[in-house]
Structures are given as C-alpha cells and as structure tokens.
Amino acid sequence: IGSKHTAKVRNFTNFGIFVELEEGVDGLIHISDLSWTKKVKHPSEFTQVGAEIDVVVLEIDKENRRLSLGHKQLEDNPWDAYETLYTPGSLHKGKITDMMDKGAVITLNEGGEGFATPKHLVKEDGTQAQVGEELDFKVIEFVKETKRIILSHSRTFEEGKEEAKPRKQHTSTAKKNDSAQVNNVAASTSLGDIDALAALKAKMEKGE
C-alpha cells in the first residue's frame, strides 16, 4: 500500500478503469479516484484502452488478487488550498466551459471548477452568458467535502447597486417606532408606580 506503479488500461466500466500492473496482477481505479478537480462522468473522458496510467496502491484484496488503485493520490489535494482561496464573497475570473439545463460549469483561473445557475449567469446588459465567455464571478458557497463551488456573475454588479440605494427613510421610521415604544413603557411604568403608592397610602390611613 502506497507504492507507485505504471499500469496499462485494459477496459472501462461506468464506475472505473480496470488496469494491469504486471502479468496476472489486475487493479481497479474507481472513477472518484481519477481527479481531485474534474468531475469525470465516464472513464473514457480521462484515458483510453491500451494507454498507460500512473497509479498508487490504496488497498490490497489478497483473496481475489486485485488491487484498489488511485491516480489523483499521486498529487496533493488542491482543495486544501482552495478552502482558503475560494472563500464566500471572494471574486475570481473564470471561463464558462460547459452549459446545461440547470446551469453552467465554470473553470476558474486558479484551477478550480465551479457551477452557476441560469439566474446567476445574467450579465449587466440583461443578456445570458454563453459558453466560452470569460467573466468575473463571486463565490456564493464553498463546500470542501462535496467539492462544490457555487458561483454568480450577476452578483458582481447587482450587490454594488443595492448598496448604493439610500436607506434614510427606513432608518428614521425605525427610530420613530423605537421612541414610541420607549414612551409607552415609561408611561405604563409611572402609572403602575402611582397605583402602588396610592394603595400603600390607603393602607396606612386605615392603620394597616
């Protein structure tokens, strides 16, 4: 376990790649162990039958004479660095590399890959961003465990406009409401005190 080898790709399945390290020694690279950053839908996107691929041994199954192998483990996990880089609210340049019904995949200049829904792909002129465009994106959400970076282009200019709007009227109304509540509390407190004093005075006069 932990040893590094060069293996030959024998065939694919939907969940991984079967490889041969040497005569009679087979191994499987699970699809999730191919890349730290790219979401590989099928192994054929990553390599081809007959090609060589560098691997590291993760587990040994002696009974079935099969090895569990990894490819991404040959490199440091970039998500450790991404955690401090792609903080919510931070701005980054990125290129739209794939468009789907639910949104777009954005390859960020620092190497990370994020996702933006259609409403976050609206540009300042009202048009929709397209594949191949390079734009500024704001990080909305970062989840290291699921390798998820949610991005927004529209928030790079919308939030600036919202901050520029005057809010004086709202503040003064709130202050009026606050002072009215304070006056009510003061009034009820003084009335309560007067009632208590009157009752005490009445008891004293009766000799209680």
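**View 1. Closed barrel of five strands in the predicted model.** The strand order around the barrel is S1-S2-S3-S5-S4, and the pairing is mixed. From one strand to the next, the twist averages 50 degrees.

**View 2. Pairing of strands S1 and S2.** S1 covers residues 4-13 and S2 covers residues 16-22. The two strands run antiparallel and are joined by five bridges. Within this pair, Val-9 stands opposite Val-19 in S2.

**View 3. The largest pocket and its lining.** The space in this pocket comes to about 380 Å³. Its lining is made up of 17 residues. Those that lie nearest the centre of the pocket are Lys-39, Lys-41, Asp-98, Val-105 and Glu-113. At least two lining residues come from each of strand S6 (91-100), strand S8 (113-116) and strand S10 (148-152). By class, eight of the lining residues are charged, seven are nonpolar and two are polar.

**View 4. The second largest pocket.** The volume here is about 160 Å³. Ile-31 and Ser-32 belong to the lining, as do the residues Ser-35, Trp-36, Thr-37, Lys-38, Lys-39 and Val-40. Lys-72, Trp-79, Thr-146 and Lys-147 complete the lining. Nonpolar, polar and charged residues contribute four each. Lys-39, listed here as a lining residue, is also among the residues nearest the centre of the largest pocket.

Methods
Residues are numbered from 1 along each chain as its sequence is written. This is a predicted model: local features need pLDDT of at least 70, side-chain atom pairs count only at pLDDT 80 or more; totals for chains, interfaces and linings use all residues. Side-chain values use heavy atoms; hydrogens and water are left out. On a 1 Å grid over the protein atoms alone, a cavity is a set of points where a 1.4 Å probe fits but cannot get out, and a pocket is an open set with protein on both sides within 12 Å along at least five of seven lines; lining residues have an atom within 4 Å of a point. Grid points are joined across faces, edges and corners, and a volume is the space filled by probe spheres set on the points. Helices (H or I, at least four residues) and strands (E, at least two) are DSSP runs, numbered from the N terminus. Ala, Val, Leu, Ile, Met, Phe, Trp, Tyr, Cys and Pro count as nonpolar, Asp, Glu, Lys and Arg as charged, and the others, Gly among them, as polar. Two strands pair if DSSP finds at least two bridges between them. Axes are lines fitted to C-alpha atoms, for helices over the stretch in contact, and angles run from 0 to 180 degrees between N-to-C directions.
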